[in-house]
Structures are given as structure tokens and as C-alpha cells.
Amino acid sequence: MDIQAWTFLIVGLSFALYIGIAIRSRAGSTHEFYVAGGGVSPLANGMATAADWMSAASFISMAGLISFMGRDGAVYLMGWTGGYVLLALLLAPYLRKFGKFTVPAFVGDRYYSHTARMVAVVCALFISFIYVAGQMRGVGIVFSRFLNVDIEIGVVIGMVIVFLYAVMGGMKGITYTQVAQYCVLIFAYMVPAIFISIMLTDNPVPQIGFGSPGLIDKLDGLSVELGFAAYTSGQRHWLDVFAITAALMLGTAGLPHVIVRFFTVPKVRDARISAGYALLFIAVLYTTAPAVAVFARTNLIETVSGMRYDQAPAWFTNWEKTRLIQFTDKDDDGIVRYTADPATNELQIDRDIMVLANPEIAALPAWVIGLVAAGGLAAALSTAAGLLLVISTSVSHDLIKGTIRPGISEKAELRWARVAAGGAVILAGYFGVNPPGFVAQTVAFAFGLAAASFFPAILLGIFSKRMNAEGAISGMIAGLLFTAGYIIWFTYADPTSNNPEGWWFGISPEGIGFVGMLVNMAVAFAISAKTPPPEPHIQEMVERIRVPR
Amino acid sequence: MSHPTDNARAYWRRNLTYLAILLSIWFIASFGAGILFVDWLDQFRIGGFKLGFWFAQQGSILTFVVLIFVYVRLMNKLDRRFDVHED
């Protein structure tokens, strides 16, 4: 069987599995649709959270990104894992005790304010839409690269699959498909990583293999030889690294599609432990990615730098066809020159190649390539589904039930939830086919806004009994305006000064959410000190959510 | 009643102590070892890794995982000691 046939077979089997699960877990009530009936086991929730969290970007792009950033790649490694400590210790158990379906519901109740709830709904919708458009695009790209179908058709196939299990099963359907998707994606990531680790270091554990004596030093040496900075040296200013890492961590802890997962477990203690399982499952991939980055980069430089073009290995010419590798023989000597100097460099390498080409570089059998395709799709679909659910819940529960028609029946609300999920799938698909130009920069946007709005509002709602509606709302608005303003300024208004010299204190737009969080807190405390404390029954509510029983 | 019981207050104080200790370790392992002191730590080695680089790309993540499981253990014990456990 050839690569194409294997890929169709494995991707087809994985899709059949997801649909089978969806049919078995239909949601019959809003409680099931929003939070899977609150009966998910902590282990299953941990896996579902991990799949929800790890997107197409984590699976396909992250290792490549790190391999070009060297040590600075740690901003993503730490930034996208450290937030789980904050979630587990500061938010998840208390939100579980509070026991509502959505983040805006918590914000609205805790700050006894309709305005607060509406600000939260708008943030949740905006953040989720930004994010989901990128995921649908990711589905299309995987389809087009591995199965040679058009990106548009790939997006539509992805939409149909997500539609089936998100609209029928709600959170219940999503949760159990995500468990399956985690298994598919982690297996698909680890198999090539383990084989490459054995090939290069004789050690089957990539995390240990890439620390085998001399490997990283060799990469440092090769990089310097070609004119790049040493792999283990930092290029960005420490303050910027600090701010980006913090913004990503705080954003993680404030993202609604992550928080809502902790409403699906039965008890407070389950919420705590399932955050632990989630991070453990995420860490498997996140500690492997930097190893893959080192293996792939070393292997790439050693193979192609100074190689005669007519003796290039098969994978090199294969991936040239997809234009992920491009070679222009500037000096016409038939030798591939790879250097840091753009004037003499003859090789353009797309960062995604580092994961996508791994199976071929390690000369693994054809079915492994099919597996990597299925893994990339699992990562993109699981994240998209989680986000779509947040969108549908925000619309049906916070907007329709909470504001426009509070009197509607449970059945009508469930119908609205399905309609909203269906509408969101179609809209997301549209953005997947016609990606708005801003999508690339906007992941930073999503994290920055979550860090500057939700995280402080929820944190203060739990840890400060004195925090009142006036403080929290002005804090959220100040944090949002500051963060959005800074990002929009450097992206649209004055892109020429979007560089370390132009930024305030050398903090890039990616890291500004951290400052936005500080602005939020400062404003919140200042305003609440000048306005009356919340009513006694609100303070009692805070006391209640602080203890498990 | 509008005032928490002494028991609940003592439980919350102990919880805050745990949080302060665990989050300090969280900060030191990531922002400290992985960012602020990374160059200084690079003079030491762990296997083939420079120590600062290892913390930035491996050690911090492993520390995060351990921290959550330690927290879960501590809190489960604390819940029982203050008789606020759920089962």
C-alpha cells in the first residue's frame, strides 16, 4: 500500500471512530449539552482538556518554531504549560464549586451585574472566534498536504465532522471524542519522535536522548559555523521573554474553552486532579517538541548544508514539490548553501517541515505518515469543537436565556444551543476558507485579551471579597482597551515601529497582555477602594466557593 | 450568617499558605531558572544540557506537573482535617 492509501485508511478510521462516539453520546438536556451532565471522570477530563488545548499549531508548527528560535522557544513551552498551575491552584476548584455553566455566568453573578456578564460574553465570543478560524484553516491545510484535496474541500469535510458531534452531542459528545483524539494525536506525535531519537542518539526517550553528551553542543557549533546564533543562546531581551511567557500563562488560565472543561467533573477535588492529569498529558508532547526541534535541526543542517543538489535524499525533493523547502542555486555550483546571510543563503525552509517530514527523514514505513496526518487532524478538530461549544453556550445560555428571553423552556434553550453551534460551525468554516488577514497575528490577541480581562476578573472574584462590580468592570475595560490598543497600534497604525526599539520597554505586542493584566488589577483595586463593598450575600457566596463543602 | 466560621477561616488561611509556597516554586522554576538566571545557570551542566537551557525547555514543565500533584495531595488532606471534604 502506498502513502496515499495508508493516509486515507487511517484518517478514515479515525473519523469513523469520532462519529461512532458522537452517535453513542447524544445530549438530552442543557446540562448534558453544556457540561456533559457534570459526570466526566477526572482522567477522561484530563485527556479531553489536553486534546482541547493542543491545537493544529502545537502539533504541526511548534517544534519547527522552536528549532528556529533556539532557547527563546521556551516562551511557548513554558507559556502554554505554566498556566495550568494557575488554573489548578487559583481558579478551577472554586469555579467548580460555584457550579454554573459558563465563565460569563460566574462574572455576572459574582459582580451582580448584567453589564459585567455582557462584557464577559463579548470577550468570550471574540476570543473563541479568533481562535477557531485558525483551527478550521489548519484542518484544510492538513487535508491539502497529505491527501491532495483542495483546502476548501478539506475545510468542508472538517466542518461536517465537527458539526456531527458538536451539534448532536454538545459537551458530552465533544468530551468523549476528545479523549479518542488525544490518544490519536499523542501516538502520532510520539512514534516518529521515538524513532528519530533512536536513530540519532540510540536512546528511545526523546527527552533524554536530546541531552546525550555532545548533541546540543554539536548543534551550537553547526549553527555558529553557518552564521546563526548558537542554538542555546537567547536572542530576545529578557524582559520581553518574561512578558510573553507571563501573557501566555495568564491567557491560558483565562481562556473560556479551557476553564469550562472543569465544570464537567463531579466534584471540587476532581477539578483539582483533572488539571493535574491535563498538564501531564500536555507535558508529554511539550517536553518532546524541543527534542524534536533539536533532532530535526541537527539532521537538516548535517544532511543538506553543503550537499550536492543532484544527490539530495528523496524526502528533500518530495517536500520541494509542496514548496515547504525551496532551493535556488544562486552561484550555480550545484551545491546547497544554507547560511544566516540572506544574500548568499540558497535554502528556504518552512518551519512546519520539522514535524511533517520527520517520518520520511527517519525512513519510517508509509503508515506512520498516515498517522501523522490523522494526528494533525485530531489536534485541529478537537480544539475547534471545544471553541465552538463555548460560542454556542455563550449565545444560548448567556445571551438568549440570560438576557433576551429569560423565560424560555429547557427544551427551547437546548434547541437554541444546537442552532448556535451549527451557525458557529458554518461561520468558522467560512473563515477557514476565506481567512481574514489578521488571523496570523491574532492568536497573540486572544491570549492577551484573556490575560487582561478574564484572568484578573475571576481571580479577584475569588480571592478578594471586597472587590465590587465597579472595580471589576472598570478593570476589565481598562485591561482590554490597553491591550487591544497596544496590539492594534503596532499592527495597523504604526507597523514601521513594530520592533524592539519602538516597543514600550522593549515589550512586544505578544507580551503586552501581561502589562494589561497589571493595568486591570491596578484600576480594579483603585476604583473598588473608592466605591462601596459588595452586598453581604455576595460576600457570603465568595465564602461558600472557597470551601469544597 | 455573614461571617465565616473559625473553621472555614483557618482552612482558607492554610490554603493561602500552600498557594504562596507552591507558586513561589512555580515562579522560581520558570521565570527564575528559565528566564532571569538562565545565563548564569548555563555554566552548570546536567548530562548534555546546559542547566539554564534545560530548565527553560524541560525542567520548568516537569516542575509544573509535580506542583499540581503535590497541591492535590495537600488539599485532599487539608479538606479532611478541616472536615470540609466532599465524600
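Two residues are said here to be in contact if their C-beta atoms, placed from the backbone, lie within 7 Å. The views that follow are close-ups of a predicted model.

**View 1. Surroundings of B:I68, a residue of chain B among residues of chain A.** Leaving aside neighbours within four places in sequence, B:I68 is in contact with A:Y84, A:V85, A:A88, A:A275, A:G276 and A:L279. B:I68 also belongs to the largest nonpolar core, a set of 223 residues, in which A:L185, A:L388 and B:I68 are the residues with the most contacts inside the core. The largest share of this core, 21 residues, is supplied by helix α13 of chain A. In soluble globular proteins, nonpolar side chains tend to be buried together.

**View 2. The side of chain A that touches chain B.** Across the boundary between the two chains, 44 residues of chain A are in contact with 38 residues of chain B. Helices α5 (74–98), α10 (215–225), α11 (238–254), α13 (268–304) and α23 (536–546) of chain A each supply at least two residues of the side that touches chain B, and the largest share, 12 residues, comes from α13(A). Sorted by class, the residues on this side of chain A are 24 nonpolar, 12 polar and eight charged.

**View 3. A:M78 and A:G83, two residues of helix α5 in chain A.** A:M78 is found in helix α5 of chain A, and A:G83 is found in that helix as well. A:M78 has 28 other C-beta atoms within 10 Å and is therefore buried, and A:G83 likewise counts as buried because 29 C-beta neighbours lie inside 10 Å; the cut-off for a buried residue is 20 or more. When neighbours within four places in sequence are left aside, A:M78 is in contact with A:T245 of chain A and with B:S30, B:G34 and B:S60 of chain B. A:G83, with residues up to four places away in sequence not counted, touches A:L248, A:M249, A:L250, A:G251, A:T252 and A:A253. From C-alpha to C-alpha, A:G83 and A:L279 are 9.4 Å apart in space, although 196 residues separate them in sequence, whereas A:M78 and A:T7 are 71 residues apart in sequence and 33 Å apart in space.

**View 4. Helices α21 and α22 of chain A, packed against each other.** Helix α21 (residues 469–493) and helix α22 (residues 512–530) of chain A pack at an angle of about 150°, with their axes 7 Å apart. The two helices are therefore roughly antiparallel to each other, since angles over 145 degrees are counted in that way. In passing α22(A), α21(A) makes a right-handed crossing. Among the residues that make the contact are A:G471, A:G475, A:G479 and A:F482 of α21(A) and A:G513, A:G516, A:V523 and A:F525 of α22(A). By class, the residues of this contact comprise 14 nonpolar, nine polar and one charged.

View 5. The crossing of α1(A) and α17(A) is right-handed. Residues of α1(A) including A:W6, A:L9 and A:I10 meet residues of α17(A) including A:W367, A:L371 and A:L377, and the contact divides into 13 nonpolar, three polar and no charged residues. Helix α4 (residues 56–69) of chain A packs with α17(A) at an angle of about 130°, with the axes 6 Å apart, so that α4(A) and α17(A) are likewise oblique to each other. Here A:A56, A:S58, A:F59 and A:I60 in α4(A) meet A:G375, A:G376, A:A379 and A:A380 in α17(A), and the contact has five nonpolar, three polar and no charged residues.

View 6. Most residues other than glycine have a negative phi. The phi of A:A36 is near 55°, a positive value in a residue other than glycine, and that of A:D332, also a residue other than glycine, is near 50°. A:A36 lies in the loop between α2 (30–35) and α3 (42–53) of chain A, and this residue is buried, with 26 other C-beta atoms within 10 Å. A:D332 is found in the loop between β1 (325–327) and β2 (347–349) of chain A, and counts as exposed because 6 C-beta neighbours lie inside 10 Å.

Notes. Residues are numbered from 1 along each chain as its sequence is written. Chains are lettered from A and ligands numbered from 1 in the order in which they are written. This is a predicted model: local features need pLDDT of at least 70, side-chain atom pairs count only at pLDDT 80 or more; totals for chains, interfaces and linings use all residues. Axes are lines fitted to C-alpha atoms, for helices over the stretch in contact, and angles run from 0 to 180 degrees between N-to-C directions. Helices (H or I, at least four residues) and strands (E, at least two) are DSSP runs, numbered from the N terminus. Angles under 35 degrees count as roughly parallel, over 145 as roughly antiparallel, 65 to 115 as roughly perpendicular and the rest as oblique. A crossing is left-handed if the near helix is turned anticlockwise from the far one by less than a right angle, and right-handed if clockwise. Ala, Val, Leu, Ile, Met, Phe, Trp, Tyr, Cys and Pro count as nonpolar, Asp, Glu, Lys and Arg as charged, and the others, Gly among them, as polar. A nonpolar core is a set of buried Ala, Val, Leu, Ile, Met, Phe, Trp, Tyr and Cys residues joined through C-beta atoms within 7 Å. A residue is buried if 20 or more other C-beta atoms lie within 10 Å of its own, exposed if 12 or fewer, and partly exposed in between; C-beta atoms are placed from the backbone.
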